[in-house]
Amino acid sequence: QVQLVESGGGLVQAGGSLRLSCVASGNIYKLNTMSWYRQAPGKQRELVAQVSPGGNTVYGDSAKGRFTCTRDNAKNTMYLQMNNMKPEDTAVYYCKANVEPYSTGARDYWGQGTQVTVSS
């Protein structure tokens, strides 16, 4: 079994910063691309950022220039540093990881999500 646990969400004022963390644990042989998604009420889930094992990143349009996605492979942990936050960043933020467990094929796993609220 593979578990993804997000933390770091909360309430912040517009212009402020938050740092999210996602820790992967369990039956992990290879931890491939890790991603942050978010879903606001009434909207579809959207990609915020993703990072490869080598540190290559891809950002969604909403994150470019304000958010930074990194990972610590030794800790099986991904981070999302969010700066200059806006009310439209309010959403539940989810961690997704492509994981290859021992003795089975790779598949995507999702965390439970962490709420981020930005007040104006």
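Two strands are said to pair if DSSP finds at least two bridges between them. Helices (H or I, at least four residues) and strands (E, at least two) are DSSP runs, numbered from the N terminus. By these criteria, strand 9 and strand 11 pair in the antiparallel sense over three bridges, and the bridge partner of Ala-91 in strand 11 is Val-116. The model is predicted: local features need pLDDT of at least 70, side-chain atom pairs count only at pLDDT 80 or more, and totals for chains, interfaces and linings use all residues. Residues are numbered from 1 along each chain as its sequence is written, and side-chain values use heavy atoms, with hydrogens and water left out.

- Four strands form an open sheet in the order 1-3-8-7, with antiparallel pairing.
- Its edge strands are strand 1 (2–7) and strand 7 (67–72), each of which pairs on one side only.
- From one strand to the next, the twist averages 15 degrees; axes are lines fitted to C-alpha atoms, for helices over the stretch in contact, and angles run from 0 to 180 degrees between N-to-C directions.
- Six bridges link strand 1 and strand 3 in the antiparallel sense, and Glu-6 stands opposite Cys-22 in strand 3.
- Strand 7 and strand 8 are likewise antiparallel, over six bridges; Thr-70 has Tyr-79 as its bridge partner in strand 8.
- A hairpin is formed by strand 7 and strand 8, with four residues between them, and Asn-76 in the turn has a positive phi of about 50 degrees.

- Buried means under 20% relative accessible area, exposed over 50%, and partly exposed in between (1.4 Å probe, protein chains only).
- Strand 11 (residues 114–119) has a covered face made up of Thr-114, Val-116 and Val-118, and an uncovered one of Gln-115, Thr-117 and Ser-119.
- Strand 2 (residues 10–13) runs parallel to strand 11 and is joined to it by four bridges. Gln-13 stands opposite Ser-119 of strand 11.

**Cysteines**

- The structure holds one disulfide, defined as a pair of cysteine sulfur atoms within 2.5 Å.
- This disulfide joins Cys-22 to Cys-95, with an S to S distance of 2.0 Å; the link is left-handed, with -70 degrees about the S-S bond.
- Cys-22 lies in strand 3 (residues 18–26) and Cys-95 in strand 9 (residues 91–100), so the pair ties together parts that are 73 residues apart in sequence.
- Cys-22 and Cys-95 are both buried.
- Cys-69 is in no disulfide; the nearest cysteine sulfur, that of Cys-95, is 9.0 Å away.
- Cys-69 is buried because its relative accessible area is 3%.

**Thr-77**

- Thr-77 lies in strand 8 (residues 77–82) and counts as buried because its relative accessibility is 6%.
- A polar atom of the Thr-77 side chain lies 2.8 Å from the backbone oxygen of Lys-75.
- Not counting residues up to four places away in sequence, Thr-77 touches Cys-22, Val-23, Thr-70, Arg-71 and Asp-72; contact means heavy atoms within 4.5 Å.

**Arg-38**

- Arg-38 is found in strand 4 (residues 30–39), and its relative accessibility of 6% is why Arg-38 counts as buried.
- The Arg-38 side chain makes a polar contact of 2.7 Å with the side chain of Glu-46. A polar contact is a pair of N or O atoms within 3.5 Å; within protein, one must be able to donate a hydrogen and the other to accept it, and residues adjacent in sequence count only if both atoms are side-chain atoms.
- The side chains of Arg-38 and Tyr-93 are also joined by a polar contact, of 2.9 Å.
- Not counting residues up to four places away in sequence, the residues touched by Arg-38 include Gln-44, Val-48, Phe-67, Asp-89 and Ala-91.

**Val-58**

- Val-58 is found in strand 6 (residues 57–59) and counts as partly exposed because its relative accessibility is 41%.
- Leaving aside neighbours within four places in sequence, Val-58 is in contact with Val-48, Ala-49 and Gln-50.
- Val-58 and Glu-100 are 42 residues apart in sequence and 21 Å apart in space, C-alpha to C-alpha.
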